[in-house]
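Okay, thanks for coming, everyone.

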Amino acid sequence: MVNTSVKLCGEELKNPIIPASGTFGYGREFAGIYDLNCLGSFTLKGTTERPRFGNPRPRIAEGPSGILNSVGLQNPGVDTVIERELPAIAGFFSGKVVANICGFSLGEYVRVAEKFDSCPQVGWLEVNISCPNVHGGGMGFGTTARGAAEVTRAVRRAVKKPVIVKLTPNVTDICEIARACEAEGADGLSLINTVLAMRIDPATRRPVLGSMTGGLSGPAVFPLAVRMVWQVYETVGIPIIGMGGVRSAADVIELMLAGATAVGVGAANLVDPFASRDIVSALPEEMDKFGIENLVDIIGGAHNG
Amino acid sequence: MKQGIFTVIKNEQLAPGVHRLRLEGDTSGVTSPGQFADVLIPGCFLRRPFSVCGAEGGVLTLCVRNTGRGTALLTASSPGARLDILTGLGNGFDLSAAGERPLLMGGGTGSPPLYPLCASLLRLGARPGVALGYPSAEAALYLDEFRSLGIEPEVYTLDGSLGMTGLPTQALRAGGYTSVYACGPLPMLAAIDREADCPVVQLSLEARMGCGFGACMGCTIETKDGPRRVCKDGPVFGKGEVIW
Ligand SMILES: Cc1cc2nc3c(=O)[nH]c(=O)nc-3n(C[C@H](O)[C@H](O)[C@H](O)COP(=O)(O)OP(=O)(O)OC[C@H]3O[C@@H](n4cnc5c(N)ncnc54)[C@H](O)[C@@H]3O)c2cc1C
Ligand SMILES: Cc1cc2nc3c(=O)[nH]c(=O)nc-3n(C[C@H](O)[C@H](O)[C@H](O)COP(=O)(O)O)c2cc1C
Ligand code: FES
């Protein structure tokens with residue numbers, strides 16, 4: 001029997017698979033088709049202080065091997081998530097979930113984080129400083145070491161739960177930003193968010209997306225995610241949730257070898273609603289194939305030698 | 001929602017660029033007319049949504065217009081091809097308040113999905129009227145299928161090459177209907193929402209979708225009750241619900 005369990009910032013997960021923010025709603029749609037308790041955890045849709053409609057449609061475009069989205073953080077606001085979604089989640093998931101926190105000011109990040117900090121069902125606070133969709137919003141904080149440090153410091157001081165800062169790949173040097181977050185007390189890092197991208201419709205000669213640009217994710221970005229997780233693992237000592245294009249148990253092992261402690265699954269859930277469950281169930285066999293007994297043993301394994 | 005593997009058993013061209021696919025598989029996921037299916041087309045990353053035009057005896061019927069890369073691949077698929085399809089998506093039409101004389105209005109590829117609705121309404125004892133609009137006679141779809149149900153559809157073409165000249169929305173002027181059910185281009189649906197003179201209006205919308213089952217918020221529209229997902233809360237919306 002192989003052991004798939006890992007520890008993320010002190011909390012034990014039965015396996016490292018965590019559906020990524022924005023691709024799993026609040027779990028309801030998936031709970032209707034499989035038992036979510038097979039997952040390590042799952043991440044809630046990015047949540048702001050007040051309800052947000054998000055960006056104009058179309059919000060979805062396609063690439064050769066991935067999806068572009070410009071959803072723009074549509075969510076019902078933190079109070080509704082806590083009053084309506086968390087109790088519903090309690091009905092189908094017994095573990096702790098990851099809350100994804102967004103804000104347009106330091107104050108908003110702190111207020112949203114504080115509210116989730118008081119929820120026993122929330123195990124980790126994933127602070128999204130990287131959403132590339134909202135002008136003047138997330139992008140501003142996540143693209144400079146100073147901005148990233150400011151958010152990390154403000155949230156870290158305000159809450160008790162582990163703070164995991166989610167990084168954008170749309171930067172010159174992700175290591176500098178990772179270092180800044182660690183220095184301000186981040187308990188973990190999560191990467192990568194989507195890659196800024198665009199499609200143009202030759203028939204209309206206009207960008208396909210209503211907000212012109214959107215974030216690319218899916219298999220197209222997997223090698224980019226592996227490279228960035230590798231680099232960040234070399235730079236910091238805190239755990240990493242690796243994500244970007246994961247669609248198989250083999251991908252999970254590869255990202256863990258690069259340095260991920262847990263692995264996010266995003267776009268794959270949208271194409272195949274059973275993707276996360278199927279990755280979980282394929283994991284033991286994939287571990288056997290590579291002679292892995294304890295999954296934790298391979299974290300960062302590609303860096304030795 | 002149900003995921004299943006379907007096998008193409010028939011692919012026939014109905015009009016230039018429009019094909020009817022008959023797919024064999026488990027159709028038990030389809031619970032109401034007006035729902036859609038989300039087809040994974042080999043070579044495309046995202047699934048493609050299509051209205052269900054029939055789901056009986058383990059055969060799923062889709063009518064597909066070739067408008068892009070995915071639909072080009074799908075309309076070229078041969079019998080024997082196997083496709084991963086999600087069925088039972090969306091709310092579907094509400095038949096409960098159709099009344100005696102529902103009016104079914106279809107535009108282009110929006111017409112075939114009204115066929116299973118029409119059959120269901122007939123079974124419930126209603127006497128549906130059907131008004132269908134196409135660019136031209138050549139593009140007309142499903143007239144014989146409605147006739148096989150004993151209904152003579154009122155046809156409108158933009159160029160007057162078949163039936164009456166103009167848009168199917170003209171059919172609203174005659175009045176006498178108890179409800180309106182419509183599937184077609186957004187401007188047609190918006191016009192029906194404005195002009196239909198009856199309390200029950202059921203409009204089947206389209207939107208670009210990421211997932212098709214409510215997880216990504218990619219398809220959200222504004223409604224008078226706040227943001228709603230076309231794929232999960234729709235695709236059918238009621239009178240005055242949608243903010244056009
Ligand atoms: C609920 C619903 C029911 C539909 N029913 C039918 C039907 O019965 N018959 C039919 O021919 N078409 C139907 N459509 C439209 C059909 O989904 C699109 O024509 C198809 O997705 C185009 O794919 P493509 O790869 O050929 O086009 P591309 O332009 O190459 O596609 C690129 C991306 O845009 C999306 N897209 C492009 N056009 C549309 C559109 N009009 N609506 C939604 N997404 C689009 C594609 O899904 C894909 O993600 C329906 C759409 C929805 C939302
Ligand atoms: C439709 C969609 C919505 C997303 N929304 C969020 C969000 O609200 N907050 C966030 O931190 N990341 C969001 N993401 C990014 C994902 O969580 C993930 O970091 C990224 O998609 C890379 O993983 P993938 O390639 O497996 O999709 C979203 C991604 C998609 C596709
Ligand atoms: S398409 Fe994903 S929520 Fe509607």
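This is a predicted model: local features need pLDDT of at least 70, side-chain atom pairs count only at pLDDT 80 or more; totals for chains, interfaces and linings use all residues.

Over all chains, the count comes to nine aromatic pairs. Take Phe24(A) and Phe30(A): these two are stacked, with 4.0 Å centre to centre and 10° between the planes. Are they buried or exposed? Phe24(A) is buried, because its relative accessible area is 0%, and buried means under 20%. Phe30(A) also comes out at a relative accessible area of 0%, so that one is buried as well.

What I like here is that the pair links distant parts of the chain: Tyr109(A) belongs to helix H3 of chain A, residues 106-117, while Phe141(A) belongs to helix H4 of chain A, residues 138-142, and the two are 32 residues apart. Both Tyr109(A) and Phe141(A) are buried.

Which residues do ring pairs link into a cluster with them? Phe24(A) and Phe30(A) are joined there by Phe42(A), Phe93(A) and, from chain B, Phe213(B).

Arg59(A) has its charged end over the ring of Phe53(A), 4.9 Å from the ring's centre. Then there's Arg277(A), lying over the face of Tyr34(A) at 5.9 Å from the ring centre.

Okay, over to chain B and strand E7, residues 102-107. Why do I call this strand largely enclosed by the rest of the structure? Because six of its six residues are buried. If you follow the side chains, Pro102(B), Leu104(B) and Gly106(B) point one way from E7(B), Leu103(B), Met105(B) and Gly107(B) point the other way, and all are buried.

What does E7(B) pair with? One partner is strand E11 of chain B, residues 179-183: five bridges join the two, and they run parallel. Look for Leu104(B) standing opposite Tyr181(B) in E11(B). Strand E8 of chain B, residues 129-134, is also joined to E7(B) by five bridges, again parallel. There, Gly107(B) has Gly133(B) in E8(B) as its bridge partner. To get from E7(B) to E8(B), the chain crosses through helix H2 of chain B, residues 114-123, in a right-handed β-α-β crossover.

That's my tour, so over to you for questions.

Note on methods: Residues are numbered from 1 along each chain as its sequence is written. Chains are lettered from A and ligands numbered from 1 in the order in which they are written. Side-chain values use heavy atoms; hydrogens and water are left out. Rings of Phe, Tyr and Trp (its six-membered ring) pair if their centres lie within 6.5 Å; planes under 30 degrees apart count as stacked, over 60 as edge-to-face and the rest as tilted. Buried means under 20% relative accessible area, exposed over 50%, partly exposed in between (1.4 Å probe, protein chains only). Helices (H or I, at least four residues) and strands (E, at least two) are DSSP runs, numbered from the N terminus. A charge sits over a ring if NZ of Lys or CZ of Arg is within 6 Å of the ring centre and within 35 degrees of the ring normal. Two strands pair if DSSP finds at least two bridges between them. A crossover is right-handed if, with the strands pointing away from the viewer, the path from the first strand over the helix to the second runs clockwise.
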